[in-house]
Amino acid sequence: MGQEVDQQEFSRADRTAHREKVRRCLDVFALMLRQSHFEAEDPMTGLEIEFNLVDGEGRPALKNAEALEAIANPDFQTELGQFNLEINVAPRRLGTGGITDFEADLRASLNDAEERASQVGAHLVMIGILPTLEAGHLAPGTISPNPRYRLLSDQILDARGEDIAISIAGVERLETTADSIMPEAACTSTQLHTQVSPEDFASYWNASQAIAGIQLAVGANSPYLLGLDLWAETRIPLFEQATDTRSEELKAQGVRPRVWFGERWITSIFDLFEENVRYFPALLPITDDEDPLAVLEAGGTPGLHELRLHNGTIYRWNRPIYDVVDGRPHLRVENRVLAAGPTVADTMANAAFYFGLTRALAEHERPLWSQMSFSAAEENFHVAARDGIEAQVYWPGIGQVSATELVLRRLLPLAREGLERWGADPAESARLLGIIEARCSTGRNGACWFRERVQAHEAAGADRAEALRSTLLEYRDRMHSNEPVHTWPS
């Protein structure tokens, strides 16, 4: 939902007109896939990171508007909650120096943003769920003032017809309800973008789906929500439930959720857009004046505005993206699996592992997805979200195996091979993949470290709230050190 929205109410006629326009856009998109030239000869990669804002005591700071004004950098923008911000790092190629440039730009931007935001009493924290959030922070009154967020919340609640139920059984158990989508704001993620050709899209998306569970296992960083120790990556079940438009009856009927892993391997990007149109009613039936077929026939590039807006309200963990830059269309896989943080170094290690591994798997002579059921990939995803670095996953040719052993013995060599194909600097690849290797060897990622420190504070006599706050302050200090989380003392 990356655009401004003015319209606040929709009639039946609006919805009918919008459905027709979305289907027309889908037809034109199919035509473009057959006839148009998509920009992909020298593909770009991209990176977005969502942040939490805290005050000097580690509690949520509802100051994203003030922080954004102080930061004064167009790469930063608001997110759903008043305690959220997001940075869009300039896209670049992964060839020699690309990863280094990503890391340097990100660190410089964050250091500058932290210095400026601190002047208004807000500090940036990269973590999947802010552990000091309380129920009052996830109320409608803390939604960012941009009308698009309120509108989206209202549309989801109206479609559902009742309050949102959150039920997560982990180490401890959470049962609560919400009368807005604000629990979604608790989920702050890292989003990785890979530009691909129409011919290669299915291979990259299938590869991304196949390794999603492995990404979660090694990168889990969201163990606490509302004071409770839940999953290693609690962000996954929370996000799935916080934007669910289905009543219990619709769930029982098998209606698909809007936060969706999917249900099959694909052969074309069209499969995903077609499913989105076929299965999901529009949440924001806003219709543009563009005639996409007329634009295409005149030699232009249609924006396909309705199709893109609709696609933006269906939250696949690996989302298909159609975009237009400088009048040229391109396609991207948006990987939305990872939590934010803990450090820039950890973030870039996660990115290097993903970019390298997906390329190696996408170009492998025998596709992994021809050897593995889609349901096995989905089960890996949720098992890894629950168990983190201790997860046992399924892998073709091996069977059940610990995620860490799989990464160390089989996947890291593939990731190195894939980064080499991208043209990445070998020294940078070795440094960043070395962080993933060390996490697996030590069995420690962000979720592990945070749990260990909270337990240590509780053993010393602190109550849970104080243990979470004290640990978060330690986390924030170490985040700025940029030392990878597996090196942090417990």
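1. Three cavities of 30 Å³ or more are present in the structure. This is a predicted model, in which local features need pLDDT of at least 70 and side-chain atom pairs count only at pLDDT 80 or more, while totals for chains, interfaces and linings use all residues. Residues are numbered from 1 along each chain as its sequence is written, and side-chain values use heavy atoms, with hydrogens and water left out.

2. Grid points are joined across faces, edges and corners, and a volume is the space filled by probe spheres set on the points.

3. The volume of the largest cavity is about 160 Å³. Its lining includes F51, R107, E114, V344 and H480. At least two lining residues come from each of α3 (98-117), β4 (123-125) and α16 (464-481), and α3 gives the most, with four. Helices (H or I, at least four residues) and strands (E, at least two) are DSSP runs, numbered from the N terminus.

4. The second largest cavity has a volume of about 40 Å³. Among the residues that line it are G46, L192, M348 and F355. α11 gives the most to this lining, with four residues. By class, the lining has eight nonpolar residues, one polar and no charged ones (Ala, Val, Leu, Ile, Met, Phe, Trp, Tyr, Cys and Pro count as nonpolar, Asp, Glu, Lys and Arg as charged, and the others, Gly among them, as polar). For the largest cavity the classes are seven nonpolar, three polar and two charged.

5. The second largest pocket holds about 260 Å³ of space. Of its 14 lining residues, R19, V277, F280, P281 and A282 lie nearest the centre. α1 (12-35) and α8 (269-279) are the elements that give two or more residues to this lining, and α1 gives the most, with six.

6. Strand β14 (residues 392-395) has V393 and W395 on a covered face and Q392 and Y394 on an uncovered one. β14 runs antiparallel to β15 (residues 399-402), with four bridges joining them (two strands pair if DSSP finds at least two bridges between them). W395 has G399 as its bridge partner in β15. Three residues separate the strands of this hairpin, and G397 in the turn has a positive phi of about 80 degrees.

7. The model has 37 salt bridges (a side-chain nitrogen of Lys or Arg within 4 Å of a carboxyl oxygen of Asp or Glu). In the pair of E275 and R264, the closest N and O atoms are 2.7 Å apart. E275 lies in helix α8 and R264 in the loop between β10 (259-260) and α8, so the pair ties together parts that are eleven residues apart in sequence. E275 is buried at 2% relative accessible area, whereas R264 is partly exposed at 31% (buried means under 20%, exposed over 50%, partly exposed in between, with a 1.4 Å probe and protein chains only).

8. E275 also meets R316 in a salt bridge (2.9 Å, N to O). R316 lies in strand β11 (residues 315-316) and E275 in helix α8, so this pair ties together parts that are 41 residues apart in sequence. Both R316 and E275 are buried.

Notes:
1 Å grid on protein atoms, 1.4 Å probe; cavity = no way out; pocket = protein on both sides within 12 Å on 5 of 7 lines; lining within 4 Å.
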